[in-house]
Amino acid sequence: MAKYRKKPVVIDAFRIPPNDDQTRELPPHWLLDAIANGAVWQRGDSWCIKTSGVNTQLASVGDWVIKGVEDELYACPDSIFQATYEREV
């Protein structure tokens with residue numbers, strides 16, 4: 001069986017801060033647009049993300065909201081994000 005390596009892709013991502021975090025940064029414009037369009041909304045401490053299909057993913061505090069290469073949005077747990085991505089310099 002052949003093996004494949006993921007192509008290097010640069011993505012936009014935002015880590016969900018706790019609600020009581022006074023120093024948290026504002027979400028980026030692409031996430032604010034998704035909130036305004038109803039594709040992302042908050043339910044208690046969780047964020048609901050409408051994926052490119054008909055599914056809705058839940059993201060919790062500390063998880064990441066990722067905008068993919070085709071502008072799709074999805075949730076990513078911090079442990080997977082840390083193992084998969086590094087900050088671009």
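**Entry 1: Thr51**

I take contact to be heavy atoms within 4.5 Å. Thr51 belongs to the loop between β3 and β4. Is Thr51 buried or exposed? Its relative accessible area is 16%, so Thr51 is buried. The cut-offs I use are under 20% for buried, over 50% for exposed and partly exposed in between, with a 1.4 Å probe and protein chains only.

**Entry 2: What I am looking at**

A note to myself before going on: this is a predicted model, where local features need pLDDT of at least 70 and side-chain atom pairs count only at pLDDT 80 or more, while totals for chains, interfaces and linings use all residues. Residues are numbered from 1 along each chain as its sequence is written, and side-chain values use heavy atoms, with hydrogens and water left out.

**Entry 3: The overall layout**

I found two helices and six strands in the protein. Helices (H or I, at least four residues) and strands (E, at least two) are DSSP runs numbered from the N terminus. Read from that end, the elements go β-α-β-β-β-β-β-α. Along the principal axes, the C-alpha atoms fill a box of roughly 45 × 30 × 20 Å. Of the 89 residues, 28% are buried. Among contacts with a separation of 6 or more, 38% are between residues 24 or more positions apart.

**Entry 4: The sheet with β2, β3 and β4**

An open, antiparallel sheet of three strands has the order β2-β3-β4. Its edge strands, β2 and β4 (56-59), each pair on one side only. Neighbouring strands here are turned by 25° against each other on average, direction ignored; the axes are lines fitted to C-alpha atoms, for helices over the stretch in contact, and angles run from 0 to 180 degrees between N-to-C directions. I count two strands as paired if DSSP finds at least two bridges between them.

Strand β2 (residues 40-43) is joined to strand β3 (residues 46-50) by four bridges, and Val40 has Ile49 as its bridge partner in β3. Two residues lie between the strands of this hairpin, and Gly44 takes a positive phi near 65° there.

Which order do the strands β1, β5 and β6 take in their open sheet? I read β1-β5-β6, with antiparallel pairing. β1 and β6 (73-76) are at the edges with a single partner strand each, so one side of each has no neighbour in the sheet. The twist averages 25° from one strand to the next. Strand β5 (residues 64-67) and β6 share four bridges, and Val65 has Ala75 as its bridge partner in β6.

**Entry 5: The largest pocket**

Last, I looked up the largest pocket, which holds about 840 Å³ of space. A pocket, on a 1 Å grid over the protein atoms alone, is an open set of points where a 1.4 Å probe fits, with protein on both sides within 12 Å along at least five of seven lines, and lining residues have an atom within 4 Å of a point. Of its 31 lining residues, the closest to the centre are Ile11, Ala13, Phe81, Tyr85 and Glu86. β1 (12-15) and α2 (78-84) each supply at least two lining residues, and β1 gives the most, with four.

Note on methods
Points joined across faces, edges and corners; volume = space filled by probe spheres on them.
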